[in-house]
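Please read the briefing below alongside the sequence and the coordinates. It moves from charged pairs and rings to the ligand site and then to the backbone.

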Amino acid sequence: MGRLPNSPLPVVVLISGSGSNLQALIDRATEINITIRAVISNKADAYGLARAQEAGIATAVVDHRQFPDRAAFDQALAAEVDRHQPELVVLAGFMRILTEDFVIHYLGRMLNIHPSLLPDFQGLNTHQRVLDTGADQHGASVHFVTPELDGGPVVIRGEVPVLADDDADTLASRVQEQEHIIYPQAVAWFASGRLRLNNGIATLDGQQIPQAKARHT
Ligand code: GRF
């Protein structure tokens with residue numbers, strides 16, 4: 001059941017918090033040819049749910065605390081996602097580690113944004129860790145989600161300089177400005193069919209997207 005040519009790509013966005021990346025996608029949805037069918041949060045008080053409702057988008061909460069284990073939560077989450085039949089799942093500040101089954105189910109059609117220049121600084125507290133390391137560059141990366149946490153092929157990175165007087169908050173807000181540029185860009189590429197995951201390799205217009213080497217851990 002394919003889409004009509006040029007019809008908007010159906011997307012489901014998963015969030016846990018503020019949803020500023022969600023907002024960037026809402027604001028540019030028409031331009032980048034997507035339709036956000038639903039926003040799903042694992043937290044009922046996520047501000048992103050209000051952003052979705054304001055934009056007239058369906059919302060749902062699947063609270064991980066209501067499930068005995070990760071597998072049961074992920075099954076319920078996948079059932080809720082699949083109800084909306086998205087062609088792309090966008091993780092936008094979704095703060096749960098996903099099971100391999102979940103990730104494989106959406107392989108090649110799920111993107112995440114991570115607040116570092118991957119493959120550097122996978123995991124949490126990236127801004128403080130960058131400051132502690134004394135790195136002079138920082139940023140954000142959009143990547144395909146694979147079973148390796150924060151380890152899937154990188155699609156696009158947005159860089160910011162680390163300034164002498166930065167703290168974790170000033171750095172985070174500069175990085176977020178980049179996030180709001182690169183995430184809609186990556187989603188636009190996917191929606192137009194230019195971006196694909198082929199045999200574990202991210203390609204843009206059929207060319208492998210170059211992957212940076214790790215400089216920090
Ligand atoms: C972003 O910094 C993103 O990189 C990280 O979580 C944050 C989400 O922010 N994964 P928001 O909810 O989109 O405002």
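Predicted model: local features only at pLDDT ≥ 70, side-chain atom pairs only at ≥ 80, totals over all residues.

Residues are numbered from 1 along each chain as its sequence is written, and side-chain values use heavy atoms, with hydrogens and water left out.

**Salt bridges**

- With a salt bridge taken as a side-chain nitrogen of Lys or Arg within 4 Å of a carboxyl oxygen of Asp or Glu, the count comes to five salt bridges.
- Arg-28 is joined to Glu-31 by one of these salt bridges, and the closest N and O atoms are 2.9 Å apart.
- Arg-28 and Glu-31 are three residues apart in helix H1 (residues 20-32), which places them about one helical turn from each other; helices here are DSSP runs of H or I with at least four residues, strands are DSSP runs of E with at least two, and both are numbered from the N terminus.
- Arg-28 counts as partly exposed at 27% relative accessibility, whereas Glu-31 is exposed with a relative accessible area of 58%; buried means under 20% relative accessible area, exposed over 50%, and partly exposed in between, with a 1.4 Å probe and protein chains only.
- Asp-63 forms a salt bridge with Arg-65, where the closest N and O atoms are 2.9 Å apart; Asp-63 counts as buried at 13% relative accessibility, while Arg-65 counts as exposed at 66%.
- Asp-166 and Arg-174 meet through their side chains in a salt bridge of 2.4 Å, N to O, and in this pair Asp-166 is buried with a relative accessible area of 11%, as Arg-174 is at 19% relative accessibility.

**Aromatic rings**

- A search of the whole structure finds three aromatic pairs, where rings of Phe, Tyr and Trp (its six-membered ring) pair if their centres lie within 6.5 Å, and planes under 30 degrees apart count as stacked, over 60 as edge-to-face and the rest as tilted.
- The rings of Phe-102 and Tyr-106 have centres 4.9 Å apart and planes at 55°, so this pair is tilted; Phe-102 and Tyr-106 are both buried.
- The charged end of Arg-96 sits over the ring of Phe-73, at 5.9 Å from the ring centre, a description that requires NZ of Lys or CZ of Arg within 6 Å of the ring centre and within 35 degrees of the ring normal.

**Ligand site**

- Residues around the ligand include Ser-18, Gly-19, Ser-20, Asn-21, Gly-93, Ile-113, His-114 and Gln-176, a residue being near a molecule or strand if one of its heavy atoms lies within 4 Å of it.
- A polar side-chain atom of Ser-20 lies 2.5 Å from an oxygen atom of the ligand, and a polar side-chain atom of Ser-18 lies 3.4 Å from a ligand oxygen atom.
- An N or O atom in the side chain of Gln-176 is 3.1 Å from an oxygen atom of the ligand.
- Of the 360 Å² of accessible area that the ligand has on its own, the protein covers 84%; accessible areas come from the Shrake-Rupley method with a 1.4 Å probe, and for residues only the protein chains shown count as cover.

**Backbone and distances**

- Most residues other than glycine have a negative phi, and most peptide bonds are trans.
- The peptide bond from Leu-118 to Pro-119 is cis, with omega near 15°, and Pro-119 lies in the loop between strand S5 (110-114) and helix H5 (126-133).
- Phe-121 also lies in the loop between S5 and H5; Phe-121 is not a glycine but has a positive phi near 55°, and this residue is buried with a relative accessible area of 3%.
- Gln-85, in the loop between helix H3 (70-83) and strand S4 (88-91), has a positive phi of about 45° although it is not a glycine.
- Ile-40 lies in strand S2 (residues 34-41) and counts as buried at 0% relative accessibility; Ile-40 and Phe-94 are 54 residues apart in sequence and 9.4 Å apart in space, C-alpha to C-alpha.
- Thr-146 is placed in the loop between strand S6 (137-144) and strand S7 (154-161) and is buried with a relative accessible area of 18%, while the C-alpha atoms of Thr-146 and Ala-46, 100 residues apart along the chain, are separated by 25 Å.

How values were computed:
Polar contact = N/O pair within 3.5 Å; in protein donor to acceptor, adjacent residues only side chain to side chain.
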